[in-house]
Amino acid sequence: MKIEDRISEAVKAIVEELYGQPVTDKMVQLQQTRAEFEGQITLVVFPFTKMSRKAPDATAQEIGERLMAKLPEVISGYNAVKGFLNLSISSSQWISLLQEIQTNPKFGFKPVTDESPLVMIEYSSPNTNKPLHLGHVRNNLLGWALAQVMEANGNRVVKTNIVNDRGIHICKSMLAWLKWGNGETPETSGKKGDHLIGDYYVAFDKHYREEVKQLVSQGMDEEQAKQEAPLIKEAHEMLVKWEQNDPEVRNLWKQMNEWVYAGFDETYQALGVGFDKIYYESETYLEGREKVEEGLSKGLFYRRPDGSVWADLTGEGLDEKLLLRSDGTSVYMTQDIGTAKLRFQDYPIDKMIYVVGNEQNYHFQVLSILLDKLGFKWGKDLVHFSYGMVELPNGKMKSREGTVVDADDLVAAMIRDAKELSADKVNKLEGITEQEAQEIARIVGMGALKYFILKVDARKNMLFNPEESIDFNGNTGPFIQYTYARIKSILRKWNNEIVLDEKAFETELADKEISLIQKLQGFEAAVCQAGQDYNPSCIANYCYELVKEYNQFYHDFSVLKEEDKTKQQVRLMLSAAVGQVVKNGMGLLGIKVPERM
RNA sequence: GGUCUGGUAGCUCAGUCGGAUUAGAGCAACAGCCUUCUAAGCUGUGGGUCAUGGGUUCGAGCCCCAUCCGGAUCACCA
């Protein structure tokens with residue numbers, strides 16, 4: 001049982017006994033004691049002063065006295081300052097805690113069993129007409145990290161992806177490829193499949209705008225020109241053919257999508273993310289239509305004279321929402337309903353989490369209500385993990401203005417920078433093969449990118465400066481990785497000399513060491529909070545704080561001398577424990593830690 | 001305009017359930033520290049009206065109300 005839990009329990013009993021009033025968990029507030037006071041754990045007694053009808057100081061004294069009598073093996077002393085009761089904890093308690101952290105490789109994680117709640121997490125959700133960009137990178141990293149965090153909190157997790165593989169945007173790429181492609185393939189062009197298709201999407205847009213411009217110069221209204229341009233008409237015709245299962249169009253569509261998927265897979269692999277189940281919109285969009293018709297027959301929705309189907313959400317304080325167009329085709333919302341139906345058939349989902357940008361907050365508010373109305377038990381409390389936009393120094397990313405940061409380019413640049421940086425420190429990497437050096441550069445470069453994105457609160461918009469933002473110094477992934485590599489280096493040298501001598505330990509445990517042990521213990525709380533708030537960033541910040549604190553007395557380490565043996569033992573054990581926790585924490589973020597760098 | 005969301009150092013960001021005379025990191029600037037298990041590190045200096053004004057209480061960056069400023073959204077687009 002944890003030290004804090006034992007104290008908390010004892011405090012409850014004591015206060016109830018002293019003042020004869022019930023005490024809730026919330027009233028027992030324990031925190032780490034400030035450095036300037038004696039003790040390690042502090043009880044805030046203000047919540048009890050009302051029932052004690054005494055001054056905060058006196059109340060604290062009273063509780064401290066009883067607490068010490070009740071838990072003599074845990075508490076070795078106490079002092080009261082104003083409304084704060086500072087408790088000194090016996091060294092033996094800290095030592096057993098340290099041992100537990102060090103020997104338990106799953107420290108901080110809750111076990112997952114067959115009875116654990118089933119959580120499905122949807123993330124990534126790319127369109128198949130262009131390669132992934134920085135915004136997708138944030139989505140993918142958050143989605144993956146969130147999946148790890150949920151699992152660490154004792155949930156069964158299914159990671160899923162809904163691929164938007166149909167629609168007018170795909171037809172645009174297909175058409176452009178037919179017109180100007182000359183049969184180009186990823187093999188003949190040497191381009192990644194997703195980039196190849198993306199280039200044709202851009203080509204379409206370019207020609208299309210020229211056409212519109214020409215029509216406008218001939219005196220046509222711009223809105224009309226956008227609809228009348230021959231290219232867009234042709235693309236629409238293609239979409240109709242696709243829906244009619246025209247074999248030629250379908251074959252081309254399949255071929256191009258395969259190229260794109262191969263490209264995506266490369267990017268996903270580089271980012272270190274993956275999925276347990278992938279859904280394709282081409283397979284789900286018809287399901288949604290059925291579900292809407294079903295809702296219509298139950299009177300949940302209504303049909304307008306023009307044939308379109310709507311949901312009236314004015315009762316929920318929202319607007320009316322279109323579900324089927326007047327021509328009977330699906331909209332975005334319909335497809336999400338269809339996907340939900342298939343997912344529910346495939347898995348007994350207890351909780352559904354959608355990792356989607358905050359621009360779609362309204363969409364998910366509506367989706368939640370609709371799914372609930374349609375009888376999905378997890379619909380009402382589905383979670384929209386809503387993350388902020390990534391902004392660039394000169395504004396937002398706009399594909400038309402060419403201010404998009406491409407995911408593959410970014411990854412390559414990060415790895416290259418890491419490689420260059422480590423080349424400057426070539427003396428450290430003696431005896432390392434070129435292959436190993438490349439692997440380290442990959443781990444460090446990706447660590448920098450991942451940490452930079454994940455340390456920011458997911459809900460907030462964040463600024464990304466490609467030239468300056470990603471640093472390898474300061475509060476960064478590489479800083480944490482570097483500390484881990486150093487710990488490993490120490491352990492490689494001294495590991496076989498770790499022995500346990502509890503008596504000797506007690507004499508060497510100073511406030512600094514105890515503070516670090518408490519910090520280590522805080523990992524459990526950080527994991528728990530990350531799961532509750534759906535917020536991986538608190539784990540990143542926890543790792544940084546831990547490493548920062550560790551580094552401060554890493555520098556006191558000196559070569560092992562005979563008379564310092566005990567001191568070294570304590571520090572070796574601390575180092576091992578810090579390394580273990582850092583590895584676990586970074587693992588939750590999808591960041592690898594290198595044995596050396 | 002309605003709804004949602006954010007505003008903390010020059011810049012990028014932390015800040016746990018509301019807790020302790022002094023609100024923290026990093027970057028940028030300046031001054032130190034490598035004969036030693038990794039200096040991608042450590043130490044120090046300067047830098048703040050926590051957007052503004054009220055309120056709640058033993059106590060507010062955090063909770064409530066109002067105002068100002070930014071962002072998102074309110075499509076027979078996805």
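Is the crossing of helix 4 and helix 21 left-handed or right-handed? The crossing is left-handed, a term used if the near helix is turned anticlockwise from the far one by less than a right angle, with right-handed used if it is turned clockwise. Helices (H or I, at least four residues) and strands (E, at least two) are DSSP runs, numbered from the N terminus.

The structure is a predicted model, in which local features need pLDDT of at least 70 and side-chain atom pairs count only at pLDDT 80 or more, while totals for chains, interfaces and linings use all residues. Residues are numbered from 1 along each chain as its sequence is written, chains are lettered from A and ligands numbered from 1 in the order in which they are written, and side-chain values use heavy atoms, with hydrogens and water left out.

Chain A contains 21 helices and 15 strands. The C-alpha trace of chain A spans about 90 × 65 × 45 Å along its principal axes. Of the 597 residues in chain A, 53% are buried; buried means under 20% relative accessible area, exposed means over 50%, and partly exposed lies in between (1.4 Å probe, protein chains only). Contact means heavy atoms within 4.5 Å. Among contacts in chain A between residues at least 6 apart in sequence, 74% join residues at least 24 apart.

Two packed helices are described by the angle between their axes and the distance between the axes. Axes are lines fitted to C-alpha atoms, for helices over the stretch in contact, and angles run from 0 to 180 degrees between N-to-C directions. The axes of helix 4 (residues 91-103) and helix 21 (residues 565-588) come within 8 Å, crossing at roughly 50°. Helix 4 is therefore oblique to helix 21; angles under 35 degrees count as roughly parallel, over 145 as roughly antiparallel, 65 to 115 as roughly perpendicular and the rest as oblique. Helix 4 contributes Leu-98, Gln-99, Ile-101 and Gln-102 to the contact, and helix 21 contributes Met-573, Leu-574, Ala-576, Ala-577, Gln-580 and Val-581. By class, this contact of helix 4 with helix 21 has 7 nonpolar, 3 polar and no charged residues. Here Ala, Val, Leu, Ile, Met, Phe, Trp, Tyr, Cys and Pro count as nonpolar, Asp, Glu, Lys and Arg as charged, and the others, Gly among them, as polar.

Helix 4 also packs against helix 19 (residues 511-533), with axes that come within 10 Å and cross at roughly 45°. Helix 4 and helix 19 are therefore oblique to each other, and their crossing is left-handed. In this contact, Trp-94, Leu-97, Leu-98 and Ile-101 of helix 4 meet Ile-514, Ile-517, Gln-518, Leu-520 and Gln-521 of helix 19. The classes are 7 nonpolar, 2 polar and no charged residues.

For helix 15 (residues 407-424) and helix 16 (residues 434-454), the axes come within 7 Å and cross at roughly 120°. This angle makes helix 15 oblique to helix 16. The crossing of helix 15 with helix 16 is right-handed. Residues in the contact include Leu-410, Val-411 and Met-414 of helix 15 and Ala-437, Gln-438 and Ala-441 of helix 16. By class, the contact of helix 15 with helix 16 has 11 nonpolar, 2 polar and 3 charged residues.

Rings of Phe, Tyr and Trp (its six-membered ring) pair if their centres lie within 6.5 Å; planes under 30 degrees apart count as stacked, over 60 as edge-to-face and the rest as tilted. The count by this rule is 19 aromatic pairs. The ring centres of Trp-177 and Trp-259 are 5.9 Å apart and the planes stand at 65°, so this pair is edge-to-face. Trp-177 lies in helix 6 (residues 168-180) and Trp-259 in helix 11 (residues 247-271), 82 residues apart. Both are buried, Trp-177 with a relative accessible area of 14% and Trp-259 with 11%. Tyr-268 and Phe-275 also form an edge-to-face pair, because their ring centres are 5.1 Å apart and their planes are at 75°.

Tyr-268 is buried, with a relative accessible area of 7%. Asn-140 lies in helix 5 (residues 134-152) and is buried, with a relative accessible area of 0%.
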